[in-house]
Amino acid sequence: MRTPGIQLIPLHEAEAQMSNQVRLRLLPSARCLFDEPVQVKVAGLRSKQVVTMRARSTDEKGVVFSSSASYRADGSGEIDLSRDASLSGNYVGVEPMGLLWSMRPNVLHKRFHKTNSLNPHVVNFSVHEEEGGMLAEVKNERFLMGDGVSRVPVKQGNIRGVLFTPPGEGPFPAVLDLYTFGGGLSEKRAALLASRGFLVLTVALYGHDDLPKNIKEVHLDYFEESIKFLKNQDKAGSNGVGVISLSKSGDLALSIASYLPGVQAVIWINGCSANVAFPLYYKNKQILSALKFDMNKVMSTESGALITKYSMHDPLKEENKASLVPIERASGRFLFVASEDDLNWDSKAYMDEIVGRLKRHGKENFESVSYPGAGHYLEPPFGPYCPSSFHGVAGVPVLWGGEPRAHAAAEVHLWRKIQEFFTTHLNCDKTQTKSNL
């Protein structure tokens, strides 16, 4: 099926070959959305020839990511990554997109940075003889924005972010994307959601434009202003907005749903049940204290990265209960997502605590899913898996956890679930009209 917004190019343009007639093809096209799989096929090899398949890319910070795997051609001299098993390399077995998710940085503790939606993620696929000589290569351009998606920077009032609007008249389900910690602005998830039919505002909290470089407290008023802006867009069709979060922004999403009106559906991914790191204010009054961590409980590793999983103070202890988010106050729908091998903190335990508390209050407005073998950073699928990188709050490299294959599978499953959840719980009224703020 043709993906809306991406112009497919003729097959011969998605195919590369050298003088020896070895052909490397990407099907259905070498141009696609970031979250779409491609079928990698090789033809023109000798019968049963063993070759090395490679992928290579450079991220926005100049870090090189690469992967490789060896394959044996069939009797006709062909290899199909959707059918054939890797014999060795960064992964083994049948993994159609293994060359993408198994890419590793050329230096330690670097996370793949793709935050700007205007330029595609470019991956060079190549096939090599066992001795290393290249037989064929082809470029894969993986776009964050489909054709017709509108990208408008937002600098209005206190809001600093980007609004993504799908093509067409709408109305569209409206989503606030909280990718707020670590500083700056990330557009990847928001742009891809807009390419899938959602009106998305992604906002920065610090380290972007004229915002402060660092923060010591968080004000809920900022997100209230963002929600009002989003709801008043003329193509915003849902009665309330959706909120999607990850990591520290997970507790912000819970607070937004608990204290602010107009929140209809919330996705919490590997967050905490308490307000973490910074005190939370609303109308210039502190409403939640900050749950802190104990550096004495941080474990070091030979790689130099730390394991922080059990360093957070217990939010259920009496002295920390003022940091617990009163999620039982919220009326919207929730999707709680936890990775069971999260090494940043024990997100599965936090999810279980939230679910248990909601059940004790007679609430049934939630669903939950957990992923064995997945690590902390669950993102849109087919990007390089990140085992460790610099922690924006801790200020040092940390291990994020997860096994690459299981983590990649979790991202594929979750990405579908995210879209299904918002589609189901952000109902649009096609008769309503709104004016831009």
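Trainee: Which residues line the largest cavity?

Mentor: The largest cavity is lined by R111, F112, K188, Y377, E379, P380, G383, P384, Y385, C386, H407 and E411. A cavity here is a set of points, on a 1 Å grid over the protein atoms alone, where a 1.4 Å probe fits but cannot get out, and lining residues have an atom within 4 Å of a point. Please keep in mind that this is a predicted model, in which local features need pLDDT of at least 70, side-chain atom pairs count only at pLDDT 80 or more, and totals for chains, interfaces and linings use all residues. Residues are numbered from 1 along each chain as its sequence is written, and side-chain values use heavy atoms, with hydrogens and water left out.

Trainee: How much space lies in the largest cavity, and what classes of residue are in its lining?

Mentor: The largest cavity holds about 110 Å³ of space, where a volume is the space filled by probe spheres set on the grid points, joined across faces, edges and corners. Its lining has six nonpolar, two polar and four charged residues. In this scheme Ala, Val, Leu, Ile, Met, Phe, Trp, Tyr, Cys and Pro count as nonpolar, Asp, Glu, Lys and Arg as charged, and the others, Gly among them, as polar.

Trainee: How many cavities of 30 Å³ or more does a search of the whole structure find?

Mentor: The search finds two. The second largest cavity has about 50 Å³ of space, and its lining consists of R189, I269, L378, E379, P380, E411, L414, W415 and I418.

Trainee: Which helix gives the largest share of that lining?

Mentor: Helix 6 (residues 404–425) does, with four residues; helices (H or I, at least four residues) and strands (E, at least two) are DSSP runs, numbered from the N terminus. By class, the lining of the second largest cavity has six nonpolar, no polar and three charged residues.

Trainee: Changing topic to pockets, what lines the second largest pocket?

Mentor: Its lining is N158, L205, L211, P212, I215, K216, E217, V218, H219, D221, Y222 and E225. A pocket is an open set of points with protein on both sides within 12 Å along at least five of seven lines. About 270 Å³ of space lies in this second largest pocket, and helix 3 gives the most to its lining, with three residues.

Trainee: Staying with helix 3, at what angle do its axis and that of helix 4 cross?

Mentor: The axes of helix 3 (residues 220–231) and helix 4 (residues 249–259) cross at roughly 70° and come within 11 Å. Helix 3 is therefore roughly perpendicular to helix 4, a label used for angles of 65 to 115 degrees. Axes are lines fitted to C-alpha atoms over the stretch in contact, with angles from 0 to 180 degrees between N-to-C directions.

Trainee: Which residues make that contact?

Mentor: L220, F223 and I227 of helix 3 meet L252, S255, I256 and Y259 of helix 4, contact meaning heavy atoms within 4.5 Å. Six of these residues are nonpolar, one is polar and none is charged.

Notes:
Parallel < 35°, antiparallel > 145°, perpendicular 65-115°, else oblique.
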